[in-house]
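Here's a quick briefing to read alongside the model. Have a look at the chains first, then work through the notes below.

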Amino acid sequence: MTPIVLTMTWVAFLLGMAWYIAVLDGLWAAAREGRQPRAPLANPLYRCATILRQQSNLTEAPDLLNWRLAPALYAGLAGTGVALVPFSSTNVLADLEVGIVWWGAVEALTVVVVFLHGWSANSQFGLIGAYRYVAIGLPVMLISMFVLIAAALPAESLAVPKIIESQRELWNVIRQPLGLPLFLLLGLSLSFRGPFNYADSADIAGGTAAEVSGAPRLVWEFARLAMLTAVATVAASVFLGGYLGPWLPGPVWLVLKTAAVLLVLVGLSHQLARISPSRMMTLIWTVLLPLSFLHLVWAGVLAL
Amino acid sequence: MTLTTILVVAAALIGIGLYGTLSQQSFVMLMMGLELMLNGVMLAAVGFWSLTAGGLPTGQLLTIIVMAVMAVEMAVGFALITAVYRNRQADVTEGLTTLKH
Amino acid sequence: MNVTDITFWIFAAIAVVSGWRVFCTDSMVRASFLLMLSFIAVGLIMVLLNAPYLGIATVFMMAVEMMVMALFMVMYMMNPAGLNPMMMVHQHRFSIAAGVFLFAALAGLIIVTRFASNPVAPGTEVVAGLGKELLGDSMLIFETAGVTLLATMVASVILSSRSGRFGAADTGSVPPPLEPGGEPAGRQPEQGGGHAHHHH
């Protein structure tokens, strides 16, 4: 693929996957409430149009620059995450030698951007959401970093393409069984869904997005879907062999695997209940983080 | 982008950092000045490593050590701020006068 | 000027200007994120200098560090949201003079010095080389840094923990009044060390 075709594939992938998640969300919500979904395929587009028709809300004395910039930065971070992932053995938008480290930076900057979005609106609920999110988001990020370091061990490289190539014989999901489940938690946390929705949940009236409407709202909602896509794409590449697979061409395999991971993520976000932030903190620091240490030791011994 | 320009930029960061460290009353802002100085140090170290050391790995190691120093500085700094705030309710340097007399 | 030069100057300008704005802004949160911006710009300059791991790791570390910094800022500073102008400085002129003097002295030295030129050869395995150095010849140094960090964690918990050998750290401390000579601000501590409700 030429760079232009590659870039267009990247854009189409992000938009398509965001639409797919929105459709899944609609179907799942309808099934849970026991009603017939209405126009499930077109519904996300209707919702876009509805949000766009709304006026952009303004609060009293917001930090307007950061408030308007945060949704765009969030979407941009998700975009760079997807760009790290090769569509096939020769087609990768950002062939970084230190891809995993950049993904770590994406995670860290996402926490910053979500905090900024909640803080800059100058409203209580936004600030509460931002604070809760940082408290949960930072330790979850640590877990995912240990998991990714473990995945880089057998490849002896920090580059995503090399990690995929190291899975020709055996996928990392079998070699390091704890990796994928722990990494999926990161997906829920980075796009604050279901059990990890401490930023934008209904109990604080929408949290960091409580005051935002109109076009910035649309970007924000899209960015959440794009970030979930980025996590699913990275998960599909690092643990499920990415473009590797028999019969079908590489990009098709990547899309199928990403779609499957997204199905699991959407299911988890609708099925699991949220617990109070303090109990979640205890769970993360005392159970999940030690588990990720164990996982790293396991992967290290295996790689020796 | 020559070594000279990189070092001048690093010197500017160190100078601004020194200004912040000396002028700020708040402990937390004071620490920001220190961090900015270390930022300049890191840039200078990487500049030297990249352009005069021919890619010797120990040069990169130095930068890793500076990063570790930064983490230590920040953790101990915040712990001290917390301790001082608990004991003296002080959040600015003027709040601590015990060693002055 | 080629593309690398232009990129370098853009990042250099971002690093210096945002570093300077840290001490001019009215909001604590903005100050810490401006510092983060300065670090990110320096990290990207490092990437230009053939140090991709160090550069991106700087971005990663500083994003986390400045996020924590922002939380502490809001906790310990008045006027966290920046609704009022804030300029909390002492010995201001002296500090400006010291900063300018240090910069001028360093820059002068840099300009008159002639440096050796021995750039990184293209094709050098920079990241792998760093990894082998960290866990090879320089392992002792690296591990010392690791143990130092562990000691730091222990020390900061001891320093900042509320309980100590002689009781709670904040026993008897009184918050400052909101106006000079007034009542202490905030919630007053309960009498009897907060254990009174055990004796009913």
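Chains A and B don't touch: no contact joins them, and their closest C-alpha atoms lie 15 Å apart. This is a predicted model, scored at ipTM 0.88 and pTM 0.87. Two pairs of chains are in contact, and the pair sharing the most contacts is B and C.

**Where chain C meets chain B**

- The contact draws 77 residues from chain C and 61 residues from chain B.
- On the chain C side, helix 1 (3-21), helix 2, helix 3, helix 4 (92-112), helix 5 (126-134) and helix 6 (139-160) each put in at least two residues.
- Which helix of chain C gives the most here? That's helix 4 of chain C, with 13 residues.
- Sorted by class, the side of chain C that touches chain B comes out at 52 nonpolar, 20 polar and five charged residues.

**Where chain C meets chain A**

- For this contact, 15 residues come from chain C and 18 residues from chain A.
- Helix 2 (28-48) and helix 3 (52-76) of chain C each supply at least two residues of the side that touches chain A.
- Helix 3 of chain C gives the most to that side, with ten residues.
- What classes of residue does chain C turn towards chain A? The side of chain C that touches chain A has 15 nonpolar residues, with no polar and no charged ones.

- Met46(C) sits in helix 2 of chain C.
- Buried or exposed? Met46(C) counts as buried because it has 28 C-beta neighbours inside 10 Å, and the cut-off for buried is 20 or more.
- Leaving out residues up to four places away in sequence, Met46(C) touches Ala51(C), Leu54(C), Gly55(C) and Thr58(C) in its own chain, plus Val46(B) across in chain B.
- Take Thr58(C) from that set: Met46(C) and Thr58(C) are twelve residues apart in sequence, and their C-alpha atoms are 9.0 Å apart in space.

**Chain B on its own**

- Chain B has three helices and zero strands, so reading from the N terminus its elements simply go α-α-α.
- Its C-alpha trace spans about 50 × 25 × 20 Å along the principal axes.
- How does the radius of gyration of chain B sit against that of a compact globule of 101 residues? Chain B has 17 Å, whereas the globule would be near 13 Å.
- Of the 101 residues in chain B, 52% count as buried.
- Among contacts in chain B with a separation of 6 or more, 51% come from residues 24 or more positions apart.

**Chain C: layout and confidence**

- Chain C splits into domain 1 (1-78) and domain 2 (126-162).
- The C-alpha centres of those two domains of chain C lie 23 Å apart.
- Mean pLDDT for chain C is 80, and 80% of its residues reach 70 or more.
- Where does chain C stay under 50 in pLDDT? Look at residues 192-200 of chain C, for which the model has two contacts beyond four places in sequence.

Notes: Residues are numbered from 1 along each chain as its sequence is written. Chains are lettered from A and ligands numbered from 1 in the order in which they are written. This is a predicted model: local features need pLDDT of at least 70, side-chain atom pairs count only at pLDDT 80 or more; totals for chains, interfaces and linings use all residues. Domain bounds come from an automatic or database domain assignment. pLDDT is the predictor's confidence in each residue, from 0 to 100. Two residues are in contact if their C-beta atoms, placed from the backbone, lie within 7 Å. Helices (H or I, at least four residues) and strands (E, at least two) are DSSP runs, numbered from the N terminus. Ala, Val, Leu, Ile, Met, Phe, Trp, Tyr, Cys and Pro count as nonpolar, Asp, Glu, Lys and Arg as charged, and the others, Gly among them, as polar. The radius of gyration is taken over C-alpha atoms; the globule rule is 2.2 Å times the number of residues to the power 0.38. A residue is buried if 20 or more other C-beta atoms lie within 10 Å of its own, exposed if 12 or fewer, and partly exposed in between; C-beta atoms are placed from the backbone.
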